[in-house]
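Hello,

Here is the structure I promised to pass on to you. Please open it beside this message, and my notes will follow below.

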Amino acid sequence: EGAVYDVFDPARPHVVDDLPRDASGRPLVDTWLVSVDYGTVNPFVALLLGVGDDRLYVAREWRWDSRARGRQMTDGDYSAALRAWLDELASDLGPIAPAGIFVDPSAASFIAQLHRDGWARVRGADNAVLDGIRAVSALLGAGRLVIHRSCTGLIGEMAGYVWDEKAAKDRGVEQPL
């Protein structure tokens with residue numbers, strides 16, 4: 001009750017064990033994208049997104065939770081970790097040259113670090129939360145957003161993302177907790 005993504009069901013086709021692949025075993029992905037939710041106290045999360053077959057695939061996720069690990073990372077550490085992660089994924093998914101890396105625009109120092117480290121096509125993400133919720137809901141409802149089972153953090157967050165009933169009742173504002 002009160003779930004933002006009430007149509008999401010990890011037992012339905014929203015969650016898959018593997019991406020669709022061609023005869024050579026390569027994922028049926030036309031374009032790779034990376035989405036970054038920058039965090040120092042909250043977890044830093046990167047999602048590898050694949051666009052293909054008229055779907056958006058959340059292919060993999062990388063997380064760094066400084067609270068759980070007892071150590072924060074610097075912007076340079078995060079940049080190097082992202083590069084190593086994408087290089088590691090290439091053994092299963094093939095070479096990954098993201099057509100865009102979308103980062104929370106408030107993470108200006110991290111965006112600057114990515115540019116210094118030679119990352120191409122880095123862009124500030126659009127932080128319009130309600131528009132994003134509507135877009136994700138529409139993709140889920142149409143069966144066009146698919147999440148790889150290894151993305152356990154995202155799957156858990158999707159199921160637990162709920163509307164703030166107090167904000168709606170007290171201020172008439174629709175916002176997630």
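Predicted model: local features only at pLDDT ≥ 70, side-chain atom pairs only at ≥ 80, totals over all residues.

Just after α2 comes Gly94, with a positive phi of about 90°.

In soluble globular proteins, nonpolar side chains tend to be buried together. The largest nonpolar core here has 31 residues, and those touching the most other members are Val36, Phe44, Leu48, Trp62, Leu82, Val103 and Phe110. Two or more residues come from each of β2, β3, β4, α2, β5 (100–103) and α3. It is α2 that gives the most to this core, with seven residues. Apart from this core lies another, of 17 residues, which includes Val4, Val45, Leu145 and Cys151.

Phe110 is worth a click while you are there. Leaving aside neighbours within four places in sequence, Phe110 is in contact with Asp75, Tyr78, Ser79 and Leu82, and also with Val36, Tyr38, Phe44 and Val103.

Glu61 sits in strand β4. Why does Glu61 count as buried? Its relative accessibility is 15%, and the cut-off for buried is under 20%. The side chain of Glu61 makes a polar contact of 3.2 Å with the side chain of Arg63. A polar atom of the Glu61 side chain also lies 2.7 Å from the backbone nitrogen of Gly153. Not counting residues up to four places away in sequence, Glu61 touches Ala46, Leu47, Trp85, Ser150, Cys151, Thr152, Gly153 and Leu154.

Gly153 leads on to helix α5, residues 152–160, where Gly153, Leu154, Ile155 and Met158 are buried. Among the elements that cover these buried residues are β1 (15–16), β3, β4, α4 (129–141) and β7 (145–148).

Finally, two backbone details in loops. Most residues other than glycine have a negative phi. Asp53 is not a glycine, yet it has a positive phi of about 55°. You will find Asp53 in the loop between β3 and β4, partly exposed with a relative accessible area of 41%. Arg121, which is not a glycine either, has a positive phi of about 60°. Arg121 lies in the loop between α3 and β6 (122–124) and is partly exposed, with a relative accessible area of 44%.

Happy exploring, and do write back with any questions.

Best wishes

Definitions and conventions:
Residues numbered from 1 in each chain as written. Heavy atoms only, no water. Helix = DSSP H or I, 4+ residues; strand = E, 2+ residues; numbered from the N terminus. Buried < 20%, exposed > 50% of the residue type's maximum accessible area, 1.4 Å probe, protein only. Polar contact = N/O pair within 3.5 Å; in protein donor to acceptor, adjacent residues only side chain to side chain. Contact = heavy atoms within 4.5 Å. Core = buried A, V, L, I, M, F, W, Y, C linked by side-chain atoms within 4.5 Å.
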